[in-house]
Amino acid sequence: MKDTLRHAGKRKQLVDVLIQKGIKDNAVLMAIGKIPRHLFMDSGFEDHAYQDKAFPIAADQTISQPYTVAFQSELLQVKRGDKVLEIGTGSGYQTAVLCELGAKVYSIERQKELFKKTKLFLSKLGYRPKHLSFGDGYKGLVEHAPYHSIIVTAGAPYVPKPLLSQLQIGGRLVIPVGDDPQIMTLFVRKSEKEFEKREFGEFRFVPLLEDKN
Ligand code: SAH
């Protein structure tokens with residue numbers, strides 16, 4: 001596993017592209033400027049790693065587009081020490097961004113192959129999420145709730161109720177909702193029963209799958 005000055009230079013260019021596209025959160029930009037995204041992809045595709053594009057990984061899944069990762073991370077407004085739940089660990093790239101932001105990360109993946117591979121890989125890279133779990137993200141992870149924020153990194157046909165109920169008061173859920181494309185949606189929990197909802201335009205994700213374990 002190699003990370004060179006050439007990779008660092010390409011990362012800097014990617015960060016500039018994200019700034020041009022409107023990403024402002026410095027901590028998010030610094031995380032993306034630091035994480036060796038090329039190592040999260042198969043070695044043959046290294047040259048694509050610092051383009052602002054989604055890319056195929058194992059088990060027919062994708063590593064999200066850097067702009068999407070940055071956009072969702074910015075919406076979460078992570079503070080150091082926050083407990084954050086991620087649905088769809090995938091390659092672990094978004095997990096690594098959350099770790100760089102100082103979050104205590106809990107992440108769920110429903111593809112066994114990816115779960116195993118990414119768990120090993122993140123620890124090799126030195127990232128220490130609090131908990132990686134193999135299971136169904138529609139249910140959230142009630143054992144460790146409530147969370148300061150929850151991020152869903154697959155397209156949800158509807159908003160799963162358990163995710164809303166596992167947010168603490170003031171907590172934020174960032175979730176792409178719909179079939180194709182999805183609408184990036186933010187829910188902020190105002191009280192036990194009240195949620196404020198805001199929408200942020202179209203994005204494209206692989207689907208959040210149900211009942212497939
Ligand atoms: N955050 C990832 C994005 C991966 S794509 C990254 O940066 O690489 C979305 C991921 O969600 C896939 O790995 C897919 O297997 C996973 N997924 C789909 N449905 C799920 C479910 N119900 N529960 C948990 N993970 C799910």
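User: Let's start with A8. Is that residue buried, exposed or partly exposed?
Analyst: This is a predicted model, and in it A8 counts as partly exposed because its relative accessible area is 31%, which falls between the 20% and 50% cut-offs.

User: Which helix is A8 in?
Analyst: A8 sits in helix 1, which covers residues 5-20.

User: What about D16, buried or partly exposed?
Analyst: D16 is partly exposed, with 31% relative accessibility. D16 belongs to helix 1 too, and its C-alpha lies 9.6 Å from that of G33, a residue 17 positions away in sequence.

User: OK, on to I32. Buried or exposed?
Analyst: I32 is buried: its relative accessible area is 0%, so it falls under the 20% cut-off. I32 is part of helix 2.

User: What does I32 touch?
Analyst: Setting aside residues up to four places away in sequence, I32 is in contact with R11, L14, V15, L18, P66, A70, Y93 and V97. For A70, the C-alpha separation from I32 is 7.9 Å, although the two are 38 residues apart along the chain.

User: L18 is on that list. What does L18 touch beyond its sequence neighbours?
Analyst: Leaving out neighbours within four places, L18 contacts I23, L29, I32, D52, P66, Y67 and A70.

User: Which residues touch the most other members of the largest nonpolar core?
Analyst: Those are L18, I32, I35, F40, Y93, V97 and L98, in a core of 47 residues. Helix 1, helix 2 (26-34), helix 3 (66-76), helix 4 (93-100), helix 5 (112-125) and strand 8 (182-189) each put in at least two residues.

User: Which element gives the most to that core?
Analyst: Helix 3 does, with six residues. There's also a second, separate core of 19 residues, with Y138, Y147, A154 and L164 among its members.

User: Switching to the whole protein. How many helices and strands?
Analyst: Six helices and nine strands.

User: How does the radius of gyration look against a compact globule?
Analyst: It agrees, because a compact globule of 213 residues would come out near 17 Å and the protein has 16 Å. The C-alpha trace spans about 50 × 35 × 35 Å along its principal axes, and buried residues make up 52% of the 213 residues.

User: What's the phi of Q77?
Analyst: Q77 has a positive phi of about 50°, although Q77 is not a glycine. Q77 lies in the loop between helix 3 and strand 3 (83-87), and Q77 is partly exposed, with 47% relative accessible area.

Technical notes: Residues are numbered from 1 along each chain as its sequence is written. This is a predicted model: local features need pLDDT of at least 70, side-chain atom pairs count only at pLDDT 80 or more; totals for chains, interfaces and linings use all residues. Side-chain values use heavy atoms; hydrogens and water are left out. Helices (H or I, at least four residues) and strands (E, at least two) are DSSP runs, numbered from the N terminus. Buried means under 20% relative accessible area, exposed over 50%, partly exposed in between (1.4 Å probe, protein chains only). The radius of gyration is taken over C-alpha atoms; the globule rule is 2.2 Å times the number of residues to the power 0.38. A nonpolar core is a set of buried Ala, Val, Leu, Ile, Met, Phe, Trp, Tyr and Cys residues joined through side-chain atoms within 4.5 Å. Contact means heavy atoms within 4.5 Å.
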